[in-house]
Protein chains: 2
Amino acid sequence: MNVDIIISGRWLIPVEPEDRILEKHAIVINEGRILDILPTVDANNQYHPKKQHDMNSHVLIPGLINTHTHAAMSLFKGLADDMPLMDWLNNHIWPAETKFVNQQFIADGTRLAVAEMIRGGITCFNDMYFFPDVTAEVAASVGMRVCVGLIVIDFPTAWANDSQEYFDKGQQVHDQFRHHPLIETAFAPHAPYSVSDHPLEKIAVLAEELDIPIHMHVHETGFEVQKSQEEYGMSPLKRLEKLGLLSQRLLAVHMTQLQDSDIELLHKYNVNVLHCPESNLKLAAGFCPANTLLKHGINVALGTDGSASNNNLDMLGEMRSASFMSKGLEKDPTVLPAMEVLKMATINAARALDMAEIVGSLSIGKSADVVAVNLDSIESMPVYDPISQLIYACDRSQVSDVWVAGKQILTHRVLTTMEENQLRHIAGNWQARITSG
Amino acid sequence: MNVDIIISGRWLIPVEPEDRILEKHAIVINEGRILDILPTVDANNQYHPKKQHDMNSHVLIPGLINTHTHAAMSLFKGLADDMPLMDWLNNHIWPAETKFVNQQFIADGTRLAVAEMIRGGITCFNDMYFFPDVTAEVAASVGMRVCVGLIVIDFPTAWANDSQEYFDKGQQVHDQFRHHPLIETAFAPHAPYSVSDHPLEKIAVLAEELDIPIHMHVHETGFEVQKSQEEYGMSPLKRLEKLGLLSQRLLAVHMTQLQDSDIELLHKYNVNVLHCPESNLKLAAGFCPANTLLKHGINVALGTDGSASNNNLDMLGEMRSASFMSKGLEKDPTVLPAMEVLKMATINAARALDMAEIVGSLSIGKSADVVAVNLDSIESMPVYDPISQLIYACDRSQVSDVWVAGKQILTHRVLTTMEENQLRHIAGNWQARITSG
């Protein structure tokens, strides 16, 4: 049978339907989808591809999904470090945003972020920032999958002046991209402390109507929880329950401040938790009890957060950090083993974003979002267990090739849809402008 | 004036004498030592080098020092993960060592580890393993600096059969390399639970005579402390005090189980702490209160531990993890800022190893152990603060060039004294042997 592509790997980790590592298997791709997964020898007998990729020292994995980021903030990478979250936000990031964020900033920052993510094996990201239409267009134009957040926040920004305008523009963005194969949308109320009751209630209703997720920072810091207790007489999570926001649609980011009663709430409403271990550590926000949540049957996925707080968009590193942090905190080296964190960066992420029918695993019928990681590097040799090398020994620099919907967007570490020198030039220009400003 | 080398950097972080970042400065090298550090324009006027390196998008830093590793264990990388320390040690690592460790294993494993370390900007490592003479020879033969541990442990191994033989062989190794410019030695009693009183007392005396450090795992796990309480009626640290081992010579590795009284002991005797954050997290051993120790004036340096427990020898990653871990645990994002962790990987490490007169900073008169990290990568652009990009955004894959004592051992990421394909071949052979065994 004639097909578009065969990618054969030394190892293949499908993630679903079960924990297993296939050796010398191939992915057969036709019209952007996975048509078959079978031993390479059989694939070569049964299928005639237009293009064949023999990845003889590589492990093939599903494209990684970065469930929480603010892509364009890559232009603020390293602008302000080693300081408390509210100081960082109030005195550095928000003033810089007020001064510099416009459509061009978003386009350029997103290009830089998307390039970094592709080179790190990320094929899909869930974003929250201003001008989501620009973010969506940039990502899709270079062949990357994205879920953009329809941002809502109580104060005026370059994107919108008041609550009504946030909603109107969000609706426009949703309508504009509703049939685009690479673009999804989610409501993105910034945080409980920055969005008041009325817009939150409206989001609960509209998200149901539009059938999209709600992406929100929740319980990021102790200060946030305390402020909510003072102002509303209840925790942010309780307030969100009252306002009708707790459901399977909710993607609750960070969740570092959790009582047992909060965990019960998350479980009761099937809320998804988006865990950003490195951002939480760097900003000393607290610890998300990821393993405890998983044990309670709560869906937990991983995100990098934006480059202004992390300061990279490295999901391989984030998986490692998630595993290490949970092992250390739970005083148990068996928790969050390598396969579990890979799930958190793939299938759990796809479930959270309600995209598990198309991405999140190497499964027949799903989109061909595939990443090849070269284990033939002295840093990851010898290989006793490819999943262990992938999570605990590899750098993202070993990501060699990336496909989204069957289109190759990274070839031997070279971006095929973007020009690296141009990105350097763009970053240099913004550096000069922001430094002098 | 005629000199050997000028390396000019876009940025230069000398680490000493003060926290500063020099722009467009050059390092002038003659006969393996740093002759001068000055603005590049002045260097070009005053000196005539045989070789000139213009690193126009790089930050120059002192060579990183990995203060705790078991280099040859790189051949066991990923052999056993996600399990408790004593299970990992008793049921996996020690049996594998019994079966496979011999001189060839040490030579091959060290070659693999040294190659990885050089590619990660490490110019010196403090090792603890069997056949330290082999480790020393391999490292020095490729131009890398090393302090090898004269291992002492209560049970017989491939290296020695009994206490006397450990001492005899240790003394031989010390004598063999005592005048080698790249090789130092330290006593390396494995741990309080694996070395009895008599050899420990002997080490205290001999270390003084030979004027060398004592490198030892101490207070790695709660189990170790508890066992010592049961067996000796005191903590391991108290026992070491009684046996005369607490002094500025002691390099106490891990130190995850510390009471206030322990911290007082460390301070009183000027003990050095070798902090391995990633190994401690991965094995869930506990947390070393690095920032608290530093605040008490205790010297704390960083190490990766061996590749069987980490699973990489990545000091850039280790600096990042050290910063993140302390910020998270102390609930304070201002602790262990980027410059502080760079010190822990350079000058603090040199002080611990009693090598601060020759390495640990880019200072006139010291050995030219220099690392260039290329910040002209989309992953670390824009650059507002090179130290922030180095610690929080860079991968070790951005390490481009490495010099030890003025000899270049990495050029544009290519090893100059080792053959990467040969290393792959060696690793592959051991992989086959260990897998089938």
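Start by selecting both chains: 53 residues of chain B are in contact with 53 residues of chain A, where contact requires the C-beta atoms, placed from the backbone, to lie within 7 Å. Before going on, note that this is a predicted model in which local features need pLDDT of at least 70, side-chain atom pairs count only at pLDDT 80 or more, and totals for chains, interfaces and linings use all residues. Residues are numbered from 1 along each chain as its sequence is written, while chains are lettered from A and ligands numbered from 1 in the order in which they are written.

**The side of chain B that touches chain A**

Stay on chain B and pick out helices H3 (103-119), H10 (277-282), H12 (315-329), H15 (386-393) and H16 (420-436), each of which supplies at least two residues to the side touching chain A. Helices here are DSSP runs of H or I with at least four residues, strands are runs of E with at least two, and both are numbered from the N terminus. H16(B) gives the most to this side, with eight residues. Colour the side by class and you will find 25 nonpolar, 12 polar and 16 charged residues. Ala, Val, Leu, Ile, Met, Phe, Trp, Tyr, Cys and Pro count as nonpolar, Asp, Glu, Lys and Arg as charged, and the others, Gly among them, as polar.

**The axis**

Now show the strands of chain B. Eight of them form an open, mixed sheet in the order S3-S2-S1-S4-S13-S14-S15-S16, with strands counted as paired if DSSP finds at least two bridges between them. S3 (33-39) and S16 (414-415) of chain B stand at the edges with a single partner strand each, so one side of each has no neighbour in the sheet. Zoom in on S14 (399-404) and S15 (407-411) of chain B, which pair in the antiparallel sense over three bridges. Here Val402(B) stands opposite Leu410(B) in S15(B).

**Two domains in chain A**

Finally, switch to chain A and select domain 1 (2-62 + 368-405) and domain 2 (64-352), with bounds from an automatic or database domain assignment. Their C-alpha centres lie 30 Å apart.

Conventions. Two residues are in contact if their C-beta atoms, placed from the backbone, lie within 7 Å.
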